[in-house]
Amino acid sequence: MNFVPPKLQQGFSERDPDALYFLPLGGSGEIGMNLNLYGHDGKWLIVDCGVTFGEEEHQPGVDVIMADPAFIVERRDRLLGIVATHGHEDHIGAIPYLWPQLQCPVWATPFTASLLRAKLIEAGLADRVPINIVPMSGRFDIGPFDLELITLTHSIPEPNAVVVRTRVGTVLHTGDWKLDPDPLIGSPTDEDRLRQVGDEGVLAIVCDSTNALRPGSSLDRANRPL
């Protein structure tokens, strides 16, 4: 698996059929505006497309901030779609703003899809954006990507990790998560399935957990709504 920094080095071949690329346009090393790209066999897939909120002290008059989508807009003919891990603003909030540039289908579980539809209605895009409903624990193919949802626990219904399988290997993209055997919202994390995927072999884990290097803070953040 190849990590591609936002400022790409010259000469990397995104059409290499034996390569699997991960490119975070937003959300990596910062809170909010998650926009993650996976590239394989000349095709690209977005996992989450969210916003972060402006702070009056540092960004007066700014309500929301989004990642710059220029890299993937330039490759829109090879963009297969957007997969949403869950319905928080920092994971789906940018879709109504950026979709006119991206113009691709969206895959989401029923609750997340309902939240997204409401946003699309407000933006006048409800009849334009194809939304594919995926059941919890669903498995589906998008081009060269074989995807599986694994139920997690978070402060919103239907949070998921996404297993991204390709013929060159597997990546586990966690989305937001916490380990809680008795959650107030939703089902407990499907630890058995996570172990099974681990036993199958995973190239890398892309883990979404704010301040995870500070003891306890990932659980603290997971217990409060964004």
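**Briefing: a buried cysteine, its strand and the surrounding core**

Cys-49 is buried, with a relative accessible area of 0%. The model is a predicted one, and its protein chain has six helices and 14 strands. Of the 226 residues in the chain, 50% are buried.

- Cys-49 accordingly takes part in no disulfide, and the nearest cysteine sulfur, which belongs to Cys-104, is 8.2 Å away.
- Cys-207 counts as partly exposed because its relative accessibility is 45%, a value in between the limits of 20% for buried and 50% for exposed.

- Strand E3 spans residues 35-40, and six of its six residues are buried, so the strand is largely enclosed by the rest of the structure.
- Leu-35, Leu-37 and Gly-39 point one way from E3, while Asn-36, Tyr-38 and His-40 point the other way; residues of both sets are buried.
- Strand E2 (residues 20-26) runs antiparallel to E3 and is joined to it by six bridges; in this pairing Gly-26 has Leu-35 of E3 as its bridge partner.
- Strand E4 (residues 43-49) also pairs with E3 in the antiparallel sense, over six bridges, and Lys-43 of E4 is the bridge partner of His-40.
- Two residues lie between the strands in the hairpin of E3 and E4, where Asp-41 adopts a positive phi near 55 degrees.

**Parallel pairings through E7**

- E4 and strand E7 run parallel and are joined by four bridges, with Ile-82 in E7 as the bridge partner of Ile-46.
- E7 pairs in turn with E8 in the parallel sense, over two bridges; here Val-106 in E8 is the bridge partner of Ile-82.
- Four of the five residues of E7 are buried, which leaves the strand mostly covered.

**Helix H3**

- In helix H3 (residues 95-102), the buried residues are Ile-95, Pro-96, Leu-98, Trp-99 and Leu-102.
- These residues lie on the same side of H3 because they cover an arc of only 165 degrees around the axis.
- An α-helix has 3.6 residues a turn, so residues three or four places apart point the same way.

**Nonpolar cores**

- The largest nonpolar core has 31 residues, of which Leu-25, Leu-35, Leu-37, Ile-46, Ile-72, Ile-82 and Leu-102 touch the most other members.
- Two or more residues of this core come from each of E2, E3, E4, helix H1 (70-73), strand E7 (79-83), H3, strand E8 (106-108) and helix H4 (110-122).
- H3 supplies the largest share of this core, with four residues.
- Beyond its neighbours within four places in sequence, Leu-25 contacts Leu-35, Leu-37, Ala-67, Asp-68, Pro-69, Phe-71 and Ile-72.
- Another core, of 17 residues, lies apart from the largest one and includes Val-134, Leu-149, Val-162 and Val-171.
- In soluble globular proteins, nonpolar side chains tend to be buried together.

**The chain overall**

- Among contacts between residues at least 6 apart in sequence, 60% join residues at least 24 apart.
- The accessible surface of the protein chain is about 11,000 Å², and carbon and sulfur atoms account for 50% of that area.

Technical notes. Residues numbered from 1 in each chain as written. Predicted model: local features only at pLDDT ≥ 70, side-chain atom pairs only at ≥ 80, totals over all residues. Heavy atoms only, no water. Buried < 20%, exposed > 50% of the residue type's maximum accessible area, 1.4 Å probe, protein only. Arc of directions from axis to C-beta. Pairing = 2+ DSSP bridges. Disulfide = S-S within 2.5 Å. Contact = heavy atoms within 4.5 Å. Areas by Shrake-Rupley, 256 points an atom, 1.4 Å probe, with all protein chains shown as cover. Core = buried A, V, L, I, M, F, W, Y, C linked by side-chain atoms within 4.5 Å.
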